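Thanks for coming. Please have the structure up on your screens while I talk.

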Amino acid sequence: MTNTSRNVRHAVRLALAACATSASGPLVYAQTAPAPAAPVEEVVVTGSRLLQAPNDISISPVTSVNAADIQQTGLIRVEDILGSLPQVGAEQSSGQSIAALGVATVSLRSLGSQRTLVLVGGRRMNPGGAGGVSGGNANAADINQIPAALIERADVLTGGASAVYGADAVAGVVNFVLNTHYQGVKVDANYSFNNHKNDNATYLGYLTAFGAQLPQSTANTGQNRDVSILAGANFADGKGNATVYATYLNSSPAVGYQFDHAGCTITGGGTPTSTLHCGGSGTSAHGHIIMSGIMSGVGTTLVSDAVDPATGVLRPFARPGDEYNYGALSYFQRAAERYTAGAFLHYDVSEHASVYTETMYARNTSTAQYGPSGSFFQTATIGCPNGPGATPQNSDPLLTAQEVSVLCTPANIASNQALYPNITGNQIFVYVARRSVESGGRLDNYASNSIRQVAGVKGAINDVWSYDAYGQVGITQLEDIEGNFLGSQQITRSLQVVTGPNGQPTCTSVLNGTDTACVPWNVWKPNGVTQAQLDYLRIPATWASTTKEYITDASVTGDLGKYGAQLPSAASGLNVALGTEYRGEKFDFSPDYVYANGLNAGGAPSLPIHGQFHVWEAFTEARLPLVDDKPGAYKLSLDAGYRYSSYTLGFNTNTYKFGLEWAPVQDVRLRGGYNRAVRAPNLDELFAPAAVGSGGVADPCWGSAPVLTQAECALTGVSAARYGHLSTNSAAQINTQTAGNPTLTPEIADTYTLGLVIQPQAIPNLVASIDAFNIKIKNTITAISPTTIVLDCGLGIDPALCSHIHRSPGSQSLWLATNGFVDTTTQNVGINSTKGLDATAHYRLDIGKAGRLGFGLAGTYTKAFTIQPDPNGGAYDCVGLFGGTCGFPLPKWRHVFTTNWGAPWAGLDVTLRWRHIGSADVDRSSSNRQLSSGFYTAVGHFAAYNYLDLSASVPIGQSADFRLGINNIADKNPPLVPTGTLSNCPTASCNDNTFVGTYDTLGRYIFAHVGVKF
């Protein structure tokens, strides 16, 4: 049995090479070529439930990364491994901080993790639980749960696969095939870190001009320590095998201030040619006070002053000098710790039954850090000591005499009260923007516990039919414990201060009994904050989610050719699969009171979600060989599949596929396929209550020179008097209301693939393929971006969207207060489509005494990535673009080219990788009216990026190996993405002035690996 298993695995690897589907490595090794394999069993490949010969080429294009490829990269996180594939777009990764969710996800074709189905051994992986919070998807798998050391190969299937695997396989499938039948003991240890030379004169000049801390000349940071143990043995005379594993990963954080390109938040002014500089948030470290009023019948800003950090004088707020550099504290790589453990067991009870179990457990913790909490332009009612009717009992004693002289002039009091009629006497109404730098950066402490259990039985019924029946349960618990957040209620109370009975500054809430613990927050003078104030202001906030998934599946496969169901022109007969599946999913999101109500300053409210659904499915698949080994048709075959699904959500779906393969001669094969796929709405999309938080990148009507005209801004709710006077948010955010929608229906996708595979006998060991893909998704489940809503309203593209814009009364702002926001409730609207080509090639060459060379290419050309977010509006194409609307860069061409040299000396194996990411332009530079807007011309174009990686391995004796490598040899800085009025840096995808997950943001990656087998 063990020999057969090894033969099968070896044959599968050869088949993958024959399919030209390896993504990064040439599948070339320095060791002596193995002896010819013995006859092998048929196997199941990704994209089908049918058995087929291992050397058959899949009709569906499959890209594969095997264990050797992974080792050559030195990468230890699965999201980083997949991220190097040109078919995979960036999403949640270890480099996210303020937009982190504590998970790692995969997005095929950049269509989103909600449209990418993740499998483990051909079975659905349980959801990661990151729903309920902004940017999360309750159904997306957390690939942190996959131990990289256990991966035998990872298959990436292009295009829809819902007919085979069910809903969510719209963009495709990622199938992790794990080493579940191991014999012996294997121990692997990895150590890696990032090395960066801080010598960029431009960035260092920004830091110096701003007065920011300069980084050390060289940064050595982001250390990763990883160890894994894999052990297995056969038993019962080879009838069974038990394999166990355990892994541990510890990652140190990398922080913005350690890097020249991330030591400050780089921003620009209000015009495209503005000089870039260090800046940040208008919520200053030393205090920013804004006072508005009415003058000559027009709303205006009366005061916009900073508390001078040296003198304590209230003086005009200066940009950028008074802005807070929040980027310096932001983690570029989250601190993380991960444990995984599990076991795989199978036992042949008889020739007709083999029982098997799979147990996988993962605990993953990580910490994200970003800019401190504080009063983010919270409002405060202040009593002027010199105002009408002022007494010590209604006046703020913390104001200095100079501050009183600025804020509390009779004219200012009258003007301010005219704008806010409820404010009378000596009271004024102001916005206070003050970072709590004394409390340190905000923290999100994520912890995930996941268990996945499979138990099943499979075997042969007779020589025609076989069966497989299993049950699966997956449970994931994910939580976030926030740290160093101030409470918004505490801030409000601590700013409303008068003189108490003891003659000391006292909160009014103490006097009226509302909050007797309140301690006045002295933001009015430098160094006025005490530990007692911090202890009062800081509050805990947490949320927890639990995702449960239950699956039962039973199927039979049959070779009906043995019953005579075979065409005379074919060498084999009809193969069929029939089966049924039940799946139940339940999602509970439980925030505490503080988190649910958004009472943590700088956090967003997220209300509880409790939802579930059940789906019953029946499916079938068939493959019919039409012609074999005939002139003009070395091979011609057809396959098809169908799945019917009935949801308790009130809808049913039908998905199906058709594929055709034709090899006119042995050297050339053509393959094509059509898939109808669906994505059912996930539970947070269905049931999330409405909540307002930060989002978007800009209000095109803010600033002194708005992007939209006065008439266009009027459609969005801006009066003529306020046009050109709306305050800008230097953090480039506007308030966004998100909400689920229980009436959602499934997305529907049509995917087409057409490919050519060449394996010429005249050139041994050369395999090449090119596959075209075309994916069109209709009825997309989406929340139209707030920026798109405001632009489409103002430009008259869709007047109905104007009702989604809710500007704050008086200020007409979309960010100063939570009553100003854009409603982005999830809807079934619009169309999303993409098309392009995948190209792969592999060649192995024996160079005699010099050893062997291997070459591998995996590249993707994206011709179009079209989004029509609004059915009443036009479409725009994001290929070659990045920015606030298009998100992560989507270059036209990406590739990985690998050269491997198997040296003739001591088993030395050397690998050189060339990673190419094509050029991209900011989406605002597009001529499309839905994208076109002002942008910073100095950084509106990303040149193509080329990275070189080098690694070498050598065996140590018969049972150990050592590998050393370096990625990004040249230590290239990532491209610059500034914030500001014309920001290109969306919060969800941008961190520390660049796009993490797309580019190497931490400099060189240096790694070492030692493996020992017993």
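First, the ground rules. This is a predicted model, in which local features need pLDDT of at least 70 and side-chain atom pairs count only at pLDDT 80 or more, while totals for chains, interfaces and linings use all residues. Residues are numbered from 1 along each chain as its sequence is written, and side-chain values use heavy atoms, with hydrogens and water left out.

Now the cores. A nonpolar core here is a set of buried Ala, Val, Leu, Ile, Met, Phe, Trp, Tyr and Cys residues joined through side-chain atoms within 4.5 Å. Buried means under 20% relative accessible area, exposed means over 50%, and partly exposed is in between, with a 1.4 Å probe and protein chains only. In soluble globular proteins, nonpolar side chains tend to be buried together.

The largest nonpolar core has 50 residues, and V78, L82, I143, I146, I151, F176 and L178 touch the most other members. Several elements supply at least two residues each, including α3 (78-83), β8 (151-158), β9 (172-178) and β43 (852-868). Helices (H or I, at least four residues) and strands (E, at least two) are DSSP runs, numbered from the N terminus.

What does L82 contact, leaving aside its neighbours within four places in sequence? The list is V88, V106, I143, A154, V174 and F176, where contact means heavy atoms within 4.5 Å. Another core lies apart from the largest one; it has 32 residues, among them V307, C408, V523 and Y536.

Next, the sheets. Two strands pair if DSSP finds at least two bridges between them.

Axes are lines fitted to C-alpha atoms, for helices over the stretch in contact, and angles run from 0 to 180 degrees between N-to-C directions. In α7 (residues 410-419), the buried residues are N412, I413, S415, N416 and Q417. Their cover includes α6 (401-407) and β17 (298-307).

A second open sheet has three strands, ordered β15-β14-β52, with mixed pairing. β14 (residues 265-268) and β52 are parallel, over two bridges, and T267 has T979 as its bridge partner in β52. Helix α5 (residues 201-210) lies across β14 and β15, at about 50° to β15.

Last, salt bridges: a side-chain nitrogen of Lys or Arg within 4 Å of a carboxyl oxygen of Asp or Glu. How many are there in the structure? There are 33.

D515 and R493 form one of them, at 3.2 Å from N to O. D515 is in the loop between α9 (508-511) and α10 (531-537) and R493 is in α8 (residues 488-495), so the pair ties together parts that are 22 residues apart in sequence. D515 is buried at 12%, whereas R493 is partly exposed at 22%. R315 and D308 form another, with 2.7 Å between the closest N and O atoms. Finally, R115, R679, E685 and E747 are linked in a network of salt bridges.
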